[in-house]
Amino acid sequence: MTAQRYDDHGRTQRLDWADPTLREWECTVLWSDPADPEAGIVLDRSAFYPGGGGQPPDHGVLLWQGVVTRIVGTRKADDLFLLTAPGDPVPPAGTAVRGALDDERRTTLMRTHSGLHVLCGTVFRAYGALVTGGNMEPGEARMDFNLPDIPPNFKQTLEDAVNAEIRADRKIVARFLPKEEALAIPDIIRTQAAAPPDTPIMRIVDIDGLDVQADGGTHVASTAQVGRVHITKVENKGRQNRRVRIRLAG
Ligand SMILES: [Zn+2]
């Protein structure tokens with residue numbers, strides 16, 4: 001038995017955590033079942049973000065022996081299974097393949113996810129409100145906050161504050177910490193009622209001077225890379241909850 005690395009999922013080394021800018025890499029198929037294409041493909045090394053924390057999985061391709069296999073999703077179990085487009089050929093175990101991500105989708109998701117962190121940090125600093133839910137698609141996202149009372153002109157005030165933090169071009173850094181050290185950081189778990197992960201190592205995403213939280217997603221390197229954020233709507237979701245919808249403005 002070999003000890004599992006903290007950046008492994010099952011037998012797959014996750015390259016997306018080490019370098020979120022990586023878009024192409026060489027790897028080998030560890031497992032697949034060409035007779036059952038829907039079972040998915042396990043790689044030894046993968047930069048496909050598998051989905052989680054509100055960020056949807058990456059799309060992309062595997063290139064091998066002149067063949068293109070499109071990857072359209074993932075299935076997370078003991079291993080990380082990449083799901084192919086229906087009808088696409090499945091490389092058998094042992095095949096050397098070149099992985100490549102859909103750059104526009106991933107880069108837009110990194111900007112969107114990072115924009116949500118700026119929103120979350122700004123709302124927490126101004127109102128002390130915890131997150132109760134959230135979701136994103138490329139370029140669009142929503143986040144729910146426990147915020148019983150909202151001040152007048154909330155939407156515009158918040159949009160201005162978020163864009164000021166983006167223009168400040170704060171560095172965004174992800175790092176792994178031992179769980180005890182991570183949990184000692186104040187307010188590290190920003191989602192209301194969320195239990196800390198059941199792992200000895202936690203991944204922390206730090207927007208310098210604005211927001212630190214436990215997070216498994218992919219982010220841009222500084223807030224300016226998010227670009228302008230437009231707050232499209234603030235909705236009431238029950239007595240306590242306010243849903244804030246954002247869109248990247250370009
Ligand atoms: Zn996040």
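The model is predicted. The count of aromatic pairs is 4, and the count of disulfides is 0.

**The pair W17 and F176**
- W17 and F176 are edge-to-face, because their ring centres lie 5.6 Å apart and their planes meet at 75 degrees.
- W17 belongs to helix α1 (residues 15-18) and F176 to strand β12 (residues 172-178), so this pair links parts 159 residues apart in sequence.
- W17 has a relative accessible area of 19% and is buried, because the cut-off is under 20%.
- F176, with 26% relative accessibility, counts as partly exposed.
- The charged end of R14 is placed over the ring of W17, 3.7 Å from the ring centre.

**The pair W25 and F48**
- W25 and F48 are also an aromatic pair, edge-to-face, with 5.6 Å between centres and 75 degrees between planes.
- W25 is in strand β3 (residues 24-32), while F48 is in the loop between β5 (45-46) and β6 (60-64), so the pair connects parts 23 residues apart in sequence.
- Both W25 and F48 are buried.

**Strands β7 and β8**
- Strand β7 (residues 67-76) runs antiparallel to β8, and 5 bridges join the two.
- A hairpin of 3 residues connects β7 to β8.
- I71 has T84 in β8 as its bridge partner.
- In strand β8 (residues 80-84), 4 of the 5 residues are buried.
- R75 lies over the face of F81, 4.1 Å from the ring centre.

**Cysteines**
- C27 is buried at 5% relative accessibility.
- C120 is buried too, with a relative accessible area of 1%.

Methods. Residues numbered from 1 in each chain as written. Predicted model: local features only at pLDDT ≥ 70, side-chain atom pairs only at ≥ 80, totals over all residues. Heavy atoms only, no water. Disulfide = S-S within 2.5 Å. Buried < 20%, exposed > 50% of the residue type's maximum accessible area, 1.4 Å probe, protein only. Pairing = 2+ DSSP bridges. Phe/Tyr/Trp six-rings, centres within 6.5 Å; stacked < 30°, edge-to-face > 60°. Lys NZ or Arg CZ within 6 Å of the ring centre and 35° of its normal.
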